[in-house]
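Colleague: I would like to go through the labels on this model one by one. For each, tell me the rule and the value.

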Amino acid sequence: MKQLRVAEKAALQVIQEAIRVLAVWTNSKLKEKLSRLIAAGDNDDVIKKAVAQAQKLLSWNSKGEPKALRLLFDSINLEKDKEKKSQNQHQHYCQPDVIAERNPKIPYPLEKEPSLEDFIKLKYEIKQELDKLDDDRDRDLNNLSLLTLILEKYGSFISFGDSDVALIDIARSTAGVAAALANNPESNNLTLIAGDLSGIQKFIYTISSDGALKSLRARSFYLELVTEEVVQQLLEALELPRTNVIYAGGGNLYILAPAIESVKINVAEVRQQFNEWLLGEFQGKNFLALDCLDFPITDITTEKFADYWSELTSKKLAVHKSRKFAENISKFLQESDSYEPCKVCHRDDVESAELKQLNKNEPDSVLACETCCRMFELGGQLLKVEVIVRSQSENFEDKFDTLTFELPATDKRDAKNVYYHLFHRWKQIVPDNDTALLVNDWNIEHYKFSQFKKSFPLLLGNYAQESSEEKGLIIRANEMAKKAKGVNRLGYLRMDVDNLGRIFAEGLGENKTLPRIAGLSRQMSYFFKVYLNSLAEFRQENFLNKNKLIADILHKKAEFLTPKKRDNLLFIYAGGDDLFVSGTWNEVVEFAFDIYQCFRAYTGNNPDITLSGGISINDIKFPLYKAAEESGEAEEKAKGNGKDSLSLFSQVFKWNEWLGIEDNKIIDSEIQKYLHSETRPKLLGILPFVERLEQQDIGVNYSRNFVRNLLITAEIQEKALEKFEDNKKSEEALGTRYYLHLPKIAYTLARLPKNVLDDTEFRTSLKSPYNAPYFRAIATWIELLNR
Amino acid sequence: MPEPTKSKVTIPPLNSRQSIPQTNVNKTQNIVEEIVKTINGLPDGLKTYPIRDLVKHAEEFGPYLKQQRLETNQVRKFLDAVNRLKANLVETGEFAKIKTEVVLLKPKLAYAAARQKAAKPLGEVMSAAIDEVHSKEDFERLVQLLESIIAYHKAEGGK
Ligand SMILES: [Zn+2]
């Protein structure tokens, strides 16, 4: 265990120095004490040397002061054209702030550099917090978990060193490098470990049953813990502290390690053991690709770092994926009898007698395997989890559930059982060897709790509406459908960041350094895990329109849709850079627009950082796997529309077309030229028309006729356009798309009640050729709202 | 249907309201000439009538017909005949089979125009258009023109 102490001590020293930076900055009484602690703490040369070398590599200046943090997303640029590149240069700053204990608000960037006053409040809060750490035995000051969390909480929106590198990212990177060096002082190399737990989609999305929503949600939670367990096993085997985890979540993990032979061996052994287990547990539906790559230490601060990152992720891991279970071949080839398959996950290696009723309260419930039954039960209860304890012992008081990993023995590793105990309340007594994972929690007191020897935050995108029929449980699909506006249907949204691979591999240009890559992953995953929860639960506080100033600053018309909250949602999966969310169809649709607008504002409206999404709308009897498939295909269509798009009602448009936001880029330049003589209508796009008509409350019959006529027109138009598939830009094609059907629209409009016709903006805008592509989308939306 | 009482207050004074149709008449008398001139100047049959121009013309012409108090039953025989030919063409796909019938559309219009003054402008426009129908594509454009005109006519409250 000596090595663990060496690596951990090196990391601790770096983190203590970072805390001292805060202490000096805020004039906390801790500053002298920390200086003494750091100086006296280690006479061990190895640690001193490692820390000094790491600090030198990362240009850590202990005498430096925190400053305003430039928005890292501003540095992302995928434009190759130099001239356009310079146009894309934005200037945003982060508001100096603290991450709130629970449901932190989405931090939108500022357009001006924050003033000194902006820092005063933050400095005051930091000082208060640091002064409280001063105890006789320096227990808190030697608590690496606690200090790292403090840095994350208070040091995410201030820079240290480079103006776009947050204090937490430079501190954690430096600590990680120091820890790796302490284990391997003479080397000129480091190792990057990357893992990818693939097959999550397959695993989750093949489920077809009622109650599938709950099972699905539990499965994605379970897989999040599998990822965590891989990280834990690696850190244990490699004797590294948590600071060496650059990123972990959503089936992906990145760890910084020393470049020694034993790391490679350990990585291979952990990989083999997990795959052996996955094979037994999930019939090979999941596979862990895990590998590492040595690189020169000096490259962590050069653009080459991103090259190693992508080489590892896209090449080395891809090789593993292409020959799954090659290392577990004997088990893989084992013949097993096949029986009647589980109705949920379709595994067929379980004896028929072992299948149980999925829902015990429903007499005709389907038969499912034990895991699926467990998942179904767990899924209903996953409404509130405050702490998860990772333990070697099976029994624990007060837990409401336990997930068990029974890792089998392999040639190199012993069999091992690990238990994850789930608790509704955070305050639990945890043995020293166990780890407390605090879910979405930035409450410092919780990390100080004397019963937690090791504690880390575990971020989960896990919002769910509570059932009003079964208190304390998650809302049921049929209950949700009843709450939908108009037609009683559910919506399924899948969405992810466009060009994520390129953003990481090329986006930062010459600045693709370890601290920046770490910062980028951290901020991306904050959004998809933490901020999405906040947005779903506390929309008013988190949607950008609430902050008028921001909306104005961003020069964007932030569409508000219905001003009500929309919390009838159930996150099935959210993390990394993507999400899969269900809910009432109308709220899912509106939530998608919320997410898009918030994300764009969060990333400083960078034209290279966009989202694409797909929504499918189905009744509750529709098999979930098909809904997932449909929304996945819809998302693909959105990607196919030049990205930055949403596919909804089988129609694909840019987000700004759906929202009706003026944006010259959304209209193709040739089409723009064709339509140039026409004045832009006041209402442009889809949502503005839906909104107007909803507000007018025109009555069922009018609305039904209008929708029918609009749909008929859309159909005729689509049919007429079929013959232009090969030549969409010909004069004839453009005339057909933009003009030929306007007479019918004029006729349809004339049939609307007088109060609608008095709305000149509505009337003239709908007759404008600019809006000709949107008839079907407008009609479908209104129809679903009124059915 | 609730009558919006407020808008009554904002209706412009009577004389100015009367003056609007006056200018419209001048403008729309030109529209007949403009359409006919456009059609006569087409390089290669009615199919070369750009859709955008066609719709723009119909947008002015439809309301003009309403002003002239044209009712569609006055040209019913003509409209029915066009519809029959359209269905015919969809069925056979051969323009040759309806070629003669297309030529016979003109007398139907002339007959209607002779009986009803209101049918005269439509007659002028359509016969210019029929003269340019030499192919299936030309005929399709003719139908598009007629349907657009009628749609705008109805949108103005025409029956
Ligand atoms: Zn199963």
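Colleague: Which element gives the most to the lining of the second largest pocket?

Modeller: H8(B) does, with 13 residues. Before the rest, the ground rules. This is a predicted model, in which local features need pLDDT of at least 70, side-chain atom pairs count only at pLDDT 80 or more, and totals for chains, interfaces and linings use all residues. Residues are numbered from 1 along each chain as its sequence is written, chains are lettered from A and ligands numbered from 1 in the order in which they are written, and side-chain values use heavy atoms, with hydrogens and water left out.

Colleague: What makes a space a pocket, and what makes a residue part of its lining?

Modeller: The search runs on a 1 Å grid over the protein atoms alone. A pocket is an open set of points with protein on both sides within 12 Å along at least five of seven lines. A lining residue has an atom within 4 Å of a point. Of the 37 residues that line the second largest pocket, those closest to its centre are B:Lys86, B:Glu140, B:Val143, B:Gln144 and B:Glu147. Its volume is about 1,200 Å³; a volume is the space filled by probe spheres set on the points, which are joined across faces, edges and corners.

Colleague: Which helices each supply at least two residues of that lining?

Modeller: From chain A, helix H25 (700-722), helix H26 (731-738) and helix H27 (742-750). From chain B, helix H4 (76-92) and helix H8 (136-155). Helices are DSSP runs (H or I, at least four residues), strands likewise (E, at least two), and both are numbered from the N terminus.

Colleague: How do the residues of this lining divide by class?

Modeller: Into 16 nonpolar, seven polar and 14 charged. Ala, Val, Leu, Ile, Met, Phe, Trp, Tyr, Cys and Pro count as nonpolar; Asp, Glu, Lys and Arg as charged; the others, Gly among them, as polar.

Colleague: What makes a cavity, and how many of 30 Å³ or more are there?

Modeller: A cavity is a set of points where a 1.4 Å probe fits but cannot get out. The count comes to four cavities of 30 Å³ or more. About 160 Å³ of space lies in the largest cavity. It is lined by 13 residues, with A:Ser220, A:Phe221, A:Leu460, A:Gly461 and A:Asn462 nearest its centre. H9 and strand E16 (569-575) of chain A each give two or more residues to that lining.

Colleague: Why is the contact of A:Asp441 and A:Arg102 called a salt bridge?

Modeller: The rule asks for a side-chain nitrogen of Lys or Arg within 4 Å of a carboxyl oxygen of Asp or Glu. This pair has N to O at 3.9 Å, so it is a salt bridge. The two residues are 339 residues apart, in distant parts of the chain. A:Asp441 sits in the loop between strand E13 (435-439) and helix H14 (444-448), A:Arg102 in the loop between helix H4 (82-87) and helix H5 (116-131), both of chain A. Over all chains, the search finds 47 salt bridges.

Colleague: Why is A:Asp441 called buried, and A:Arg102 partly exposed?

Modeller: Buried means under 20% relative accessible area, exposed over 50%, partly exposed in between (1.4 Å probe, protein chains only). A:Asp441 has 0%, so it counts as buried. A:Arg102 has 37%, so it counts as partly exposed.

Colleague: What makes A:Glu228 and A:Arg242 a salt bridge?

Modeller: Their side chains meet at 2.8 Å, N to O. A:Glu228 lies in helix H9 (residues 212-238) and A:Arg242 in the loop between H9 and strand E5 (245-249) of chain A, so the pair ties together parts 14 residues apart in sequence. A:Glu228, at 4% relative accessibility, is buried.

Colleague: Why is B:Val90 called exposed?

Modeller: Its relative accessibility is 67%, so it counts as exposed. B:Val90 is in helix H4 of chain B. Of the 159 residues of chain B, 41% count as buried.
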